[in-house]
Amino acid sequence: MQTSRSTRFTVAFCAMFVLSFHPSNRSVMGFEPNYDESKIPEYTLPDPLVTQSGSPVTTAEQWNTVRRPELLALFEKHVYGVSPPPCPIRRKHVSSKTVFDGLATRTEIDVLFGSADDATSMRMMVYVPKQRAGAVPAFLGLNFQGNHGVDDDPEIELNPGWFRVGRDGTTDGNKANEKSRGATASRWPLQMILKRGYAVATIYYGDIDPDFDDGFNNGIHGTLGDQVAHVAPESRWGSIAAWAYGLSRGLDCLEAETDLGIDAAKVAVLGHSRLGKTALWAGATDPRFAMVISNNSGCGGAALSRRAIGETVGRINEAFPHWFCDQFTEYNENEDACPVDQHELIALAAPRPIYVASATEDQWADPKGEFLAAAAADPVYRLLGTDGMGGDAPPAKMPAAEQPINSGVVGYHLRTGKHAVTDYDWQQYLDFADRHMKDGR
Ligand code: GTR
């Protein structure tokens, strides 16, 4: 049974109210997560190398022409929803400045979705190292608290848009306040990244689609919604798909802005948590992304849904009814019925390098399920002529904390600590990028 958008809006509004006040945010609405491995339901993962009609996929050509398009369409229909075709973008330069004692140039560009004067726009903030021999590889990711939350330079405009009410005093109602300057700087070690020879581009995710269920009218859902009118309502794009769409338009902008000094053929898309789910979907739908990085993305991201441990499909759809398409609710407490699982999302990035990261205290996101999903994508990577997770086969056992698996093109690590992005995570991503995105690789 599908609920209507308006019912969902009411439910979501109440859920948001409860969520903003609940101390743990983890057991709302009567949901008690299971963390006991022995209570995981028995499940069989769908085989990424067998088509829906039961034919084995044994060649790269079959993968590219039959199975990959089939899986992509299944994820669209059942999980994230169908997005509109790419819209033309317009770009407006906002500022350019030398920052960090001459280390980098910071450029801000407004990217408009479509040609209408009142088109929704997002502001991309780009840091490029000044010392470079040629065009440099880059990381592109969405941020949670505005570009002004990434770096506390008062010259970065306080984003005037809608923000989720923060428990850290960084919002007044749904508006960001001065305390939000630099609030997420620890997740964006800009100088460390720049010193390693990489550019960084980031966009506030709420510019693309504010993160609440308004019946899909605001953000680019409103601007571009007509273009999915032909799609069955239950399979139209949710917010994760909208954010991923924004990342692709961000890449369009980087491709067009050749003067920035970025090599647009070497852009890694990355994200944390819900924005990690988004990065995975962006990597799956847009093969121009040269590398994909999922940081603690959990349920609906890198974690296998069928394990139903920690956050489940039912719980995520209840708490965040706008993230996925309505069809995904069919798999609430019914994960086995979904024709895909998340290892196949990882496989959709193949043969491009992908890195999945978990944290020991982030059981809600099911670190083991994230590892198992990466390992279950390995056969697709090998079919496409890469070494997958490295060695002759993916490791049978999950690695211990701080023992990254990074010799192949499918990387994974478990970090000690909480749901976060830390310098340790970035060091692994930079090392991985050095191996796969630097010249001559
Ligand atoms: C949680 C949600 C997770 C994760 C996280 C986040 O509340 O249950 O799936 O996405 O939010 O994005 O911070």
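**Ligand shell, a bent helix and local backbone features**

In this predicted model, an oxygen atom of the ligand lies 2.5 Å from an N or O atom in the side chain of R274, a polar contact being a pair of N or O atoms within 3.5 Å (within protein, one atom must be able to donate a hydrogen and the other to accept it, and residues adjacent in sequence count only if both atoms are side-chain atoms). The side chain of E311 likewise places an N or O atom 2.5 Å from an oxygen atom of the ligand, and for the side chain of W364 the corresponding distance is 3.0 Å.

Eleven residues surround the ligand, the closest being S273, R274, K277, E311 and W364, where a residue is near a molecule or strand if one of its heavy atoms lies within 4 Å of it. This shell divides into five nonpolar, three polar and three charged residues, with Ala, Val, Leu, Ile, Met, Phe, Trp, Tyr, Cys and Pro counted as nonpolar, Asp, Glu, Lys and Arg as charged, and the others, Gly among them, as polar.

Residues are numbered from 1 along each chain as its sequence is written. Local features need pLDDT of at least 70 and side-chain atom pairs count only at pLDDT 80 or more, whereas totals for chains, interfaces and linings use all residues; side-chain values use heavy atoms, with hydrogens and water left out.

Helix α2 (residues 60-80) spans only 26 Å between its end C-alpha atoms, whereas a straight helix of 21 residues would span 30 Å at 1.5 Å a residue, the expected span being 1.5 Å times one less than the number of residues. Helices (H or I, at least four residues) and strands (E, at least two) are DSSP runs numbered from the N terminus. At R67, α2 bends by about 40°, and a proline, P69, follows within four residues; the bend is the angle between axes fitted to the seven residues ending at a residue and the seven starting there.

The peptide bond from A350 to P351 is cis, with omega near 0°, and P351 is placed in the loop between α10 (342-347) and β10 (354-359). Phi of F100, a residue other than glycine, has a positive value near 55°, and F100 lies in the loop between β1 (89-99) and β2 (104-113).
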